[in-house]
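Please examine the sequence and the three-dimensional structure shown here before reading the explanation below.

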Amino acid sequence: MASGRAPTPAAPGSAIAVADSDHNIIYVGTGEACPRGNITYGDGVYKSLDAGRTWQHLGLRDTRHIGAIVVDPRNPDIAFVAALGHAFGPNDERGIFRTGDGGKTWQRVLFHDRDSGGIDVVFDPRNPNTLFASLWQMRRQPWGFSSGGTGSGLYRSTDGGFTWKLLERHGLPDGPLGRIGVSVSGADSNRVYAAIEAKEGGVFRSDDGGDSWMRVNSDHRFRQRAWYYSHIFADPVALDTVYVLDTGAFRSTNGGKDFELLPAPHGDHHALWIDPRDPRRLINGNDGGATISVDGGKSWTQQYNQPTAQFYHVAVDNHWPYRIYGAQQDNTTIAIASRDDEGVIGRQDWYEVGGGESGYIAPDPRDPEIIYANADSGQMTRYDHRTGNLRDVSIHPLDVSGNGADDLEYRIQWTEPVLVSRHDSKVLYTAAQFVLKSPDQGRSWRRISADLTRNDKSKQRPSGGPITLDITSVEYYDTVFALAESPVQQGLLWAGTDDGLIHVTHDDGQTWRNVTPKDMPEWSMVSIIEASPHEAGSAFAAIDRHKVDDLKPLIYRTHDSGKTWTRIVSGIPDGAYVRSVREDPRRKGLLYAGTELGVYVSFDDGGHWQPLQLNLPVSPIHDLVVKDDDLVVATHGRSFWILDDLTPLRQLDPGAAVPEVRLYHPQPAYHLHFPLDVNRRRPVGDNPPRGAVIDYFLKTKPAADEKITLEILDAQGKVLRTLSNHKKERFEQPAEWPDREPPADLLPDAPGMNRFAWDLRVEDPREIPGAFYADEGPRGPVVNPGSYLVRLSTRSGVQSVPLEVVLDPRLKDTVSAPDMAAHWDLATRTTQDIDALHRAVNQIRTMRRNLATLQAWAGGEAGSKTLLAAAADFDKHMTPIEEELIQVNMKASEDNLRYPNRLNEQYDTFIATIDADDVAPTVAQQEVYAGLHRRLVEQLDKWKTLANTELPALNTRMQEAGVPRLEGGQGD
């Protein structure tokens, strides 16, 4: 057993079991066991002793795909694992494993051969010494799938899982058998249900503990694609109630003879938990996520709160903000904004764009409202987002489901490539076994290559046997899998096949040259070809061999149009097989690789790689793309993620000495306005950082008393904002609104890379401690587009870099520089007024505190009455000024509905009305400002007069009485 602990299992969980005797103990088996072509593998078993907060690895690393895991209801140290083993090849660590010491050691208690593994194991709930388990002989290959054989079978143990007996005949179907699911009723140990894949398969039932069986249901709804389903669950209380999961979720209440369809959302159901104490409570897992019912399946919770999308590829457009596109496994295609003015990316920001679950998506680079998308079996659409018009532009719109690839005119596999030419957006390219081109946005197509594959007919046979054929385009082989156009040379195309060939053309398909790397292993899949954005002769190829049971990473690089290739995988570990590679369009030789275990980066043209994981969950990265200064990745199971702002990576020199401190040149910041309230309590995506992203490196963490400062200066050298790593003490209004997010004002100072997002605001006005507002109170205005300077000061010295703030691209033709200058002038004058108002209130309140101190000092002194009366009279004259400047009774955000707004509250709401503007002030705004300013000057003059006349006289009396003079200070 490994001694290290991790916060969560590093591999995808496929099976989970909570100990009945101690709910803090959880076992998780990793690696998907419904072996679609897009499954990912695991690394064994994990265990938590604290209800999932921390985990430890328990071994069984080479099991790869675990079908089930169960824990003895009496003893949490006893557990069984049904290990399917390698999906794409033979191995020994498969079958049924038992632990009796909490996972410290494992014993394989049931094994048939290196091609058959465990797929299900269950306890008899009433007698844990009795268990049932099933073994399954299956194999996936790039060109096919096989379910069933002599290694499949249903087994029973009556001695706690140490020995097992194969159950056959006595009503069970003849072999070969395929996948088998099994479940024992919690009401009666004699009642056992099984879903069995066989020629005469279906739902089987035993009423004598497995000694004899009868087929109670042969409905094809429960047998279709049996290798993918065969899930069956007996009710823990009701003897005759049993659930079967397939494309739908079904329930029988008469022992499996008849079933009703439950209204569980989505489809393709794979997991079910039934509360043993209240069977009306159900949790269902399907290809759309997880959902809960508390009324016995009559109604279910929604699934749009789970970021579990599985994307095959990712594309971006040239809209602003740019949109991200992908096709979701078992869901729709999607376009989603990369940012939203609400502060988070919500449901209003995404929509479907045609196509289907498996394809590429290609937005028109010149008109981002036009999107091409495809799906399995060659379906392709053109979508116009302006009109919602969707039309078919397939190369051959004929449904060939159920046919083997050898008989097809076009061998189009599951993720058919499609791209729009960067040089002429009317031109589209796609591929089958050859490359095709459309000159007219998909209205017509023509072949521009011969068959570029090995065309091995032995690898184009129908898939699924020996029991049930299951033919989708996932298993179509000898196809052009990867297609790329050079961004810098028109007519230069690269084509890579799933059977291990690479071709290139320099004349738009008139002639092709085989440039396959000489040392590339046969039957490798060319997953992605990246044509360099810097030079025509350079390209990179991500090679994926996991479907031939080889998990080693493989990337090739060429700088001479494929004449020679170099392997570039140093630093990427075995197991992180590569699906995608991209070159940074702004820094030549800066590469990104998407692997099964995460993202890697190379600064030296692939010579060396290192992880670029950061906070990205460990998940398969099927594709990635660089858009402007962002890296966008398509995960398979964790949705889209964006690494905002690559500018620090582009400035790194891996060969340079590590500096004590380094301030990086920031990317241009968009002049935007960020919301005060951000509702994250719903299904949302994260926006980019709120403002100008400033990155800096600290070799070591500063000492506790060491201050680092970050200053923003304008073009004339005036300091507009100062921030530091020491928290600024300020009054915080008691919280009332859960979605309110206070602005960041504390610099991080961790060793290594640090990032701070300046919200583009200048220094706030002086605050009035204890003042209440309808929001967070007035803030400094947002700076205008222009040139600024960022200055970082540390013990090691001072570093400065320029920063550009650029206009919101959406306002390009609607806002002028004079408009913004006029707006800035009004915002600045208003802020200065607020600052003056706050200073005056602070001076008055400081004076009042001093008067209170005087009263406490002089209260017992003889002859102090005259002095105290003078002090009280001075306070009396201050009070009406203060009460005009600020509503002194306001102690909550909506107290102004009870106590009228005064100048302070009116200034605050007024500046809020102009804060989100970018245009010249309206006449009404100017008029309101003039009125506020006039009233403020009137009160400030009164305060100035009071301080210049009555205060000196009072100070003279105090001096005569031996009391220190009263000072209001500067109002800071």
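This is a predicted model: local features need pLDDT of at least 70, side-chain atom pairs count only at pLDDT 80 or more; totals for chains, interfaces and linings use all residues.

Residues are numbered from 1 along each chain as its sequence is written, and side-chain values use heavy atoms, with hydrogens and water left out.

The protein chain contains five helices and 63 strands; helices (H or I, at least four residues) and strands (E, at least two) are DSSP runs numbered from the N terminus. Its C-alpha trace spans about 115 × 70 × 55 Å along the principal axes. Of its 972 residues, 57% count as buried, where buried means under 20% relative accessible area, exposed over 50%, and partly exposed in between, for a 1.4 Å probe and protein chains only. Among contacts (heavy atoms within 4.5 Å) with a separation of 6 or more, 56% are between residues 24 or more positions apart.

In soluble globular proteins, nonpolar side chains tend to be buried together. A nonpolar core is here a set of buried Ala, Val, Leu, Ile, Met, Phe, Trp, Tyr and Cys residues joined through side-chain atoms within 4.5 Å. The largest such core has 36 residues, and those with the most contacts inside it are Leu837, Leu851, Phe874, Met878, Leu885, Trp943 and Leu954. Helices H2 (817-858), H3 (865-885), H4 (903-915) and H5 (923-960) each supply at least two residues of this core, and the largest share, ten residues, comes from H2. Leaving aside neighbours within four places in sequence, leucine 837 is in contact with Ile768, Leu885, Leu903, Asn904, Tyr907 and Leu936. Apart from this core lies another, of 29 residues, among them Ala362, Val393, Ile528 and Val581.

On a 1 Å grid over the protein atoms alone, a cavity is a set of points where a 1.4 Å probe fits but cannot get out, a pocket is an open set with protein on both sides within 12 Å along at least five of seven lines, and lining residues have an atom within 4 Å of a point. Grid points are joined across faces, edges and corners, and a volume is the space filled by probe spheres set on the points. The structure holds six cavities of 30 Å³ or more. The largest has a volume of about 350 Å³; of the 22 residues that line it, Gly37, Thr415, Phe481, Met525 and Lys547 are the closest to its centre. By class, its lining has eight nonpolar, nine polar and five charged residues; Ala, Val, Leu, Ile, Met, Phe, Trp, Tyr, Cys and Pro count as nonpolar, Asp, Glu, Lys and Arg as charged, and the others, Gly among them, as polar. The second largest cavity holds about 70 Å³ of space, and its lining includes Pro142, Trp523, Met525 and Lys547.

The second largest pocket has a volume of about 1200 Å³. Its lining comprises 48 residues, of which Arg730, Phe731, Asp745, Asp764 and Glu767 lie nearest its centre. H2 gives the most to this lining, with five residues. The lining of this pocket divides into 14 nonpolar, 14 polar and 20 charged residues.

Two buried residues in loops may be followed in detail. Threonine 453 lies in the loop between strand E38 (446-447) and strand E39 (464-466), and it is buried, with a relative accessible area of 10%. Its side chain makes a polar contact with the side chain of aspartate 451 at 2.7 Å; a polar contact is a pair of N or O atoms within 3.5 Å, where within protein one must be able to donate a hydrogen and the other to accept it, and residues adjacent in sequence count only if both atoms are side-chain atoms. The side chain of threonine 453 also reaches the backbone nitrogen of asparagine 455 at 3.1 Å. Aspartate 235, in the loop between strand E19 (231-234) and strand E20 (242-245), counts as buried at 4% relative accessibility. A polar atom of the side chain of aspartate 235 lies 2.8 Å from the backbone nitrogen of alanine 238.

The peptide bond from glycine 465 to proline 466 is cis, with omega near 10°, and proline 466 lies in strand E39. Leucine 614 has a positive phi of about 50° although it is not a glycine, and leucine 614 is exposed, with a relative accessible area of 65%.
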